[in-house]
Amino acid sequence: MAEISQQSKEDKLAQLLRAVFEIEATVQRDRRVWTTVPKNELVSLCRFARGLGFDHLSAISVTDWPKDGTFELTYHLWSYSLKILLTVKTKTKRADPQMDSAMPIFHENAQIHERELHELFGVKFRGNPDVAPLFLEDWHGPPPFRKDFNWRDYVRQRCYDKSEEREKPYWQ
Amino acid sequence: MSMVGTVWVLVKGLFSRPMTIQFPHEAIPMPAGYRGEQELDLHRCISCGLCQEVCPNKAIEMVKLPEPYTQKYPKAYPRIDLRKCCFCALCQDICPKRCLNMTNNVFLATPDPGSLMKHPMARLERG
Amino acid sequence: MTNQRNGKSPTGNDQRPPDTDDGTEYDFYFGPAHSGSGNFGVKLRLDGERVLSARADPGYLHRGFEKLMEYRIPIQNAVLSDRLCVLEPLNWNLVHAEAVDELTGIEVPERARYIRVLMAELSRLQSHMIWYGVMSLALGFDTGFRLAFGHRDYILDIFELITGGRVYPAGYICDGGVRRDLPEGYGKRIRELLDKIKEFMDQMKSFDNLFFAKRTKGVGVLNLEDAIRLGATGPVLRASGMKTDVRKDDPYEIYSGLDFDVPTGKEGDANARCTIRDLEMEQSIKIIRQVLDRMPEGKTRNPSKLKRPSRIKIPEGEVYVRNEVARGEACIYMRSVGETGPYRVKVRGPDFLHMIPVLEHLLKGCELADVPAIYWSLNICPADMDR
C-alpha cells in the first residue's frame, strides 16, 4: 500500500504543476520530478514550490549548449516534508545570459550558488548584490567553464614544454 | 569525578603496547594486492596498447626496444613514468594477458629523478 | 553586539555603537598558512577580542573537477572521484558510481551493494575520527589528536587489505559494482577492528566533560530556521533540531533494509554537533555489524572485466544523485549525450554551504578564542568546497 501512495505523491505534484503553470512535468522515478519552465516564470515557480514545502535548495547548475546558443539552468529543490526532489530547468541566451536571482526565496543558499556560476560561466543574476570571484584570482580571461574556452590549449601554452620528453603525451 | 575516569584511562595507556611500528627496525606488514610499483613480463605482452589507453594520467607510452633486442622482442612495450603514475592499477585490471602486475614495492624514493622513467629495457636487464 | 555565551560583552562597552572605529578595530587573517585552518582562509574583522564580521576566502584547492571529468571515461572518473574529498574518498566514489549506474541502467549485483555500504560506513567512521582528532587539536588537547589518528590507522589497515591503498582506494567503488572482491578473513579482521574502536570511544567519553564541554557549550549556536535558510545539511542540521538523513529519506543501495537511528540534537551549538558525531559513530558500527552478518555471495561487478575505453558509451540522459557523506548531503548532477564521457558534471558538496554562508553567520559576534571551536565543529573540508 505504501508503494502506491508513494507513486501518486509524485504524480500528484506533476499534475499540480501542469495545472497551475501549464508546463511539462515528468516523473523520472520515485522521489524525482523534472519540469521545464520559461525563464520569466522561474522565480514564481520557486516561490510556489517553497509554499508547498520545498525549502531546501540543493544546487543550481548551468549546462552550456554552444550549438543551440543557450545556457540551460537547473534548480534542484528538495522538500523535507514531502521527500521529493523537484528539478526545474530553464534556458537563457548564451550571448547575453541574464536571470532573475532566486535570493528573495532562498536567501544566502541561492546567493552562494549564483556567485559561483557567475564566476565560472558568466551568467548575470539580477538582484544578487555580491558576485565577487570565489576561486580564481587575477583572472582576466573568459569564464573558464564554457565549452568554447579551450582550457587545454591554455594550460599547454602556459605550463608545458613540447620539446621535453616527459611532456610529449600531452600534445596528443 | 570525571577526572578519575580520565586519569584511569591514561594510566592504562602507560601499560599497553605502543601503536607505533619502529620502522626500519621492524617490518611493516603489507597485504597481498597492495598497489605498489608495476612489474612487466615482456614474454607475454602482446602490445595491444590497452594500458596506454586506460591510464588516467598518460603515464604509459608504448616504445620499441633498441636494436639488438628487436629480434626477440619486435613489438612496442609499455614504458611507465612513475612521476605521473597514481598507482590506481587500472593497467593491471585491463591487461588481457595479465602480464602487467602491481607488486608491493613502495620504496621508490631516489635522488635521481631520471631513474623514475621505467623503460622496458630495464626489465630485461633485470632478468 | 553581544557575546553569544552569556549576553554580556567582554569589554563592557554595550552602549557603544558597533560602527565607530576608535582605533581598536583590525583585520585578522585566519588564513591558509595557519596551522589551525586547513587549506582555507577566513578574513576576520576584530574589535579587541570580538569578531565583528567574517569573510570566507576559498579557492586554494580549486582543481576544476567538473571540467576534468568531461574528458574521461567513467572508470577513470572513478579514480578521480577519490580526490573530491581526501578525508572520505570511498563515500565520494559511491556518489559518482551511483550517478553513472543510474544513467547506464545497469543492474548492480547484490554482493557489490553490500560491499559498497560496508566500505562507505567504514569511511564515515574514519572521517568522524579525523573530526575528533582535529577538533581536539584545535582546542589544544593534543592527546586526543594522537589517540584519534592512531586508532584511525587500524581502519586504514583494513582499507589496505581490501582496496590496495590506505588513503586513496583508486576508484574501488566504480560503475557497475566494486573493482575487487573481498579477501579471505576480512570478517574476522573487521570485527577485531570494531572492538578496538569501541575501546577508543570509551576513552573519548571519559575525556568529554573535562576538555570539550566547557569550550563548546553555548558556542556557535545555529537555530533551525537559520540552518535551513543557509543550506546546512548533515550533522550541522541535525544538531539544530531537524531529524533528517538522506539514508532514511531518499534511500540508496541497501539502506532501506538496514536498522539504524538518526541522532538529533536540540541546542544547535558546537557541543551538540560533537555529541551527534559520537552517536553517529555508534550507528555506523551497528550498520557494519549488520552488513557483515548478511553478506551474500555472488559477482562483484557487472560487467566483470574492464572494457576497451573507446567502446564505452554512456546512454543519453540526466540524473541527480543524493548521498549522505560524513559531512552532509553530497550530490552529483550528471548530463550525458551518448559519448564516452559525461557532457556536464556538477558536484555539490556539503562544505560549499558550511564554509561560506554558515561560517560567516556563526563567526559574527563571537570571541576570537571561540573561532577554532566553531570552525572545526562544522567539520569542514576545503576539498569538496573548491572541487
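Strand S4 (residues 70-78) of chain A is mostly covered, with nine of its nine residues buried. Buried here means under 20% relative accessible area, exposed over 50%, and partly exposed in between (1.4 Å probe, protein chains only). Strands (E, at least two residues) and helices (H or I, at least four) are DSSP runs numbered from the N terminus. This is a predicted model in which local features need pLDDT of at least 70 and side-chain atom pairs count only at pLDDT 80 or more, while totals for chains, interfaces and linings use all residues. Residues are numbered from 1 along each chain as its sequence is written, chains are lettered from A and ligands numbered from 1 in the order in which they are written, and side-chain values use heavy atoms, with hydrogens and water left out.

Two strands pair if DSSP finds at least two bridges between them. Strand S3 (residues 56-65) of chain A is joined to S4(A) by nine bridges, and the two run antiparallel. Within this pairing, His56(A) has Trp78(A) in S4(A) as its bridge partner. S3(A) and S4(A) form a hairpin with four residues between them, and Gly69(A) in the turn has a positive phi of about 75°.

S4(A) also pairs with strand S5 (residues 85-93) of chain A, in the antiparallel sense and over nine bridges. Here Leu73(A) has Thr90(A) in S5(A) as its bridge partner. S4(A) and S5(A) form a hairpin with six residues between them, and Lys83(A) in that turn has a positive phi of about 55°.

Strands of a sheet pair through backbone hydrogen bonds, either parallel or antiparallel. In chain B, three strands form an open sheet in the order S2-S3-S5, with antiparallel pairing. Its edge strands are S2 (60-64) and S5 (117-118) of chain B, each of which pairs on one side only. Strand S3 (residues 76-81) of chain B is joined to S5(B) by two bridges and runs antiparallel to S5(B). Ile80(B) has Lys118(B) in S5(B) as its bridge partner.

Pro120(B) belongs to helix H4 (residues 120-126) of chain B. Pro120(B) counts as buried because its relative accessibility is 0%. Contact means heavy atoms within 4.5 Å. Leaving aside neighbours within four places in sequence, Pro120(B) is in contact with Leu42(B), Val63(B), Leu65(B), Tyr77(B), Pro78(B) and Arg79(B). The C-alpha atoms of Pro120(B) and Val4(B) are separated by 64 Å, the two residues being 116 residues apart along the chain.

A nonpolar patch on the surface is formed by Met3(B), Val7(B), Trp8(B), Val11(B), Leu14(B) and Phe15(B), with about 700 Å² of accessible area together. Patches are made of residues with over 30% relative accessible area and no salt bridge; like charges are joined within 9 Å, and nonpolar side chains (Val, Leu, Ile, Met, Phe, Trp, Tyr) within 5 Å. Accessible areas come from the Shrake-Rupley method with a 1.4 Å probe, and for residues only the protein chains shown count as cover. Leu14(B) is found in helix H1 (residues 2-14) of chain B and is exposed, with a relative accessible area of 66%.

**Chain C: Arg72**

Arg72(C) sits in the loop between helix H1 (65-68) and helix H2 (74-81) of chain C. Arg72(C) is buried yet has no salt bridge; Glu70(C), the nearest side chain of opposite charge, is 9.8 Å away. A salt bridge is a side-chain nitrogen of Lys or Arg within 4 Å of a carboxyl oxygen of Asp or Glu. For charge, Lys and Arg count as positive and Asp and Glu as negative, while His and the chain ends are not counted. Not counting residues up to four places away in sequence, Arg72(C) touches Pro56(B), Asn77(C), Leu80(C), Thr340(C), Gly341(C) and Pro342(C).

**Backbone geometry**

Asp138(A), a residue other than glycine, has a positive phi near 55°. Asp138(A) lies in the loop between strand S7 (124-126) and helix H5 (151-159) of chain A and is exposed, with a relative accessible area of 67%. Arg387(C) is not a glycine either, and has a positive phi of about 50°. Arg387(C) is found in the segment after helix H13 (382-386) of chain C and is buried, with a relative accessible area of 4%.
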